[in-house]
Amino acid sequence: MQMEQKKVTVLGAGSWGTALALVLADNGHEVRLWSHSKEQAESINATKKNEKYLPEITLQDNLTAYSDLADSVRNITTIVVAVPTKAIREVLRKLVPCLYQPVTIVHVSKGIEPGTLKRISEMIEEEMPENVLEEVVVLSGPSHAEEVCLRHPTTVVVSSKNLEKAEEIQDLFMNQHFRVYTNPDVIGVEIGGALKNIIALAAGISDGLGYGDNVKAALITRGLAEIARLGTKLGANPLTFSGLTGIGDLIVTCTSVHSRNWRTGNMLGKGKKLNEILEEMGQAVEGVRTTEAAQQMATEYGVNMPITSSLYKVLFENVPPKYAVEKLMSRDKTHEMEDLVNILINE
Ligand SMILES: NC(=O)c1ccc[n+]([C@@H]2O[C@H](COP(=O)([O-])OP(=O)(O)OC[C@H]3O[C@@H](n4cnc5c(N)ncnc54)[C@H](O)[C@@H]3O)[C@@H](O)[C@H]2O)c1
Ligand SMILES: O=P(O)(O)OC[C@H](O)CO
């Protein structure tokens, strides 16, 4: 099938922005990859490599790096935003004055903003005036950049209030290695993608403490229960949590050595200090800020999130991980399906 060739800009030349730019270039589109570092953009254009984030991968000739934001979005109507959640507002505030036409924003980040408790699509709608924001589409799912770049089969979901727009973005990214589904449940897709990082930190801690597969299975299953509990309270469809952006992303992030969240947890479990780990990592570890946000949401919405609350104490109140596990295990007895019954009643 002949694919329609488009011009697309990707903002953020980290691991995920680069991997998605590579998928789009594989599809024959003219891809502009914007980096806020002039040095990095020049290096990508000179070497066809992103030495810092994905050094093994050779980038295609139809992919060009830019460091001037206005140049990178000139005559562009589709923009992929691939910076960490904490940088989204700053990047959008710089982007808006560069736009002279309505654009579709595809956001691919996974987080919730502490304090405002906003999802990323809500932040985008707040920051971008209606005359330049045509539509917001979320792209999420179990997808490590390292494997996408090797063209290993990967499945993701795009979600938007506007199904036609979601299908347009599905066509833009889809190829034989990268299969894209649609799902209209924006809230569920964003909440699943953001909150799985909390459980991945906990899974890493468990591995770092030397626990085995029983704990991992418990964390994934009970983690999903608390994600679904909060998500449905916020208006998500409970079925979304049994899909790629729910259980799918939980599995990959809790079990993969590629995961920065899992690796951070693993080092915490081995006794390293959080600030030292984050400095060493030098990359987005979204679960830390999302734990703060989810803990605030749990309180605000009266949702029981024991794993999130325990992790919050480990990350922000210096509670030793082993003690947090003991506390989790000695809570009052309960009924497994209580969650399900509550979800069904809320539906
Ligand atoms: N890496 C993955 O496999 C993957 C997969 C799916 C989703 N994600 C999500 O994608 C988002 C980005 O993650 P990543 O893996 O690319 O992170 P990364 O740390 O590899 O790269 C982040 C990029 O954003 C840039 N950046 C940071 N602050 C900026 C600012 N204020 N202005 C402009 N640029 C800025 C950095 O320079 C870097 O190029 C995260 O929300 C992450 O959860 C990542
Ligand atoms: O490396 P992580 O932990 O940010 O996870 C990357 C992706 O979200 C996995 O789907």
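Modeller: Let's start with helix H14 (residues 306-316) and helix H15 (residues 321-329): their axes come within 9 Å and cross at roughly 155 degrees. This is a predicted model, where local features need pLDDT of at least 70 and side-chain atom pairs count only at pLDDT 80 or more, while totals for chains, interfaces and linings use all residues. Residues are numbered from 1 along each chain as its sequence is written, with chains lettered from A and ligands numbered from 1 in the order in which they are written.

An axis here is a line fitted to C-alpha atoms, for helices over the stretch in contact, and angles run from 0 to 180 degrees between N-to-C directions. Helices (H or I, at least four residues) and strands (E, at least two) are DSSP runs, numbered from the N terminus. The crossing angle therefore makes H14 roughly antiparallel to H15. As for the cut-offs, under 35 degrees is roughly parallel, over 145 roughly antiparallel, 65 to 115 roughly perpendicular, and the rest oblique.

Who does the touching? On the H14 side we have Pro306, Ser310, Lys313 and Val314, and on the H15 side Pro321, Ala324, Lys327 and Leu328. Being in contact means that C-beta atoms, placed from the backbone, lie within 7 Å. Sort the residues of this contact by class and you get five nonpolar, one polar and two charged. In that scheme Ala, Val, Leu, Ile, Met, Phe, Trp, Tyr, Cys and Pro are nonpolar, Asp, Glu, Lys and Arg are charged, and the others, Gly among them, are polar.

Now zoom out a bit. The domain assignment gives domain 1 (7-184) and domain 2 (194-346); such bounds come from an automatic or database assignment. Taken over C-alpha atoms, the two domain centres are 26 Å apart. Their contact takes 21 residues from domain 1 and 22 residues from domain 2. On the domain 1 side, helix H4 (85-95) and strand E7 (154-159) are the elements giving two or more residues, and E7 gives the most, with three residues. By class, that side has eight nonpolar, nine polar and four charged residues.

Methods: Two residues are in contact if their C-beta atoms, placed from the backbone, lie within 7 Å.
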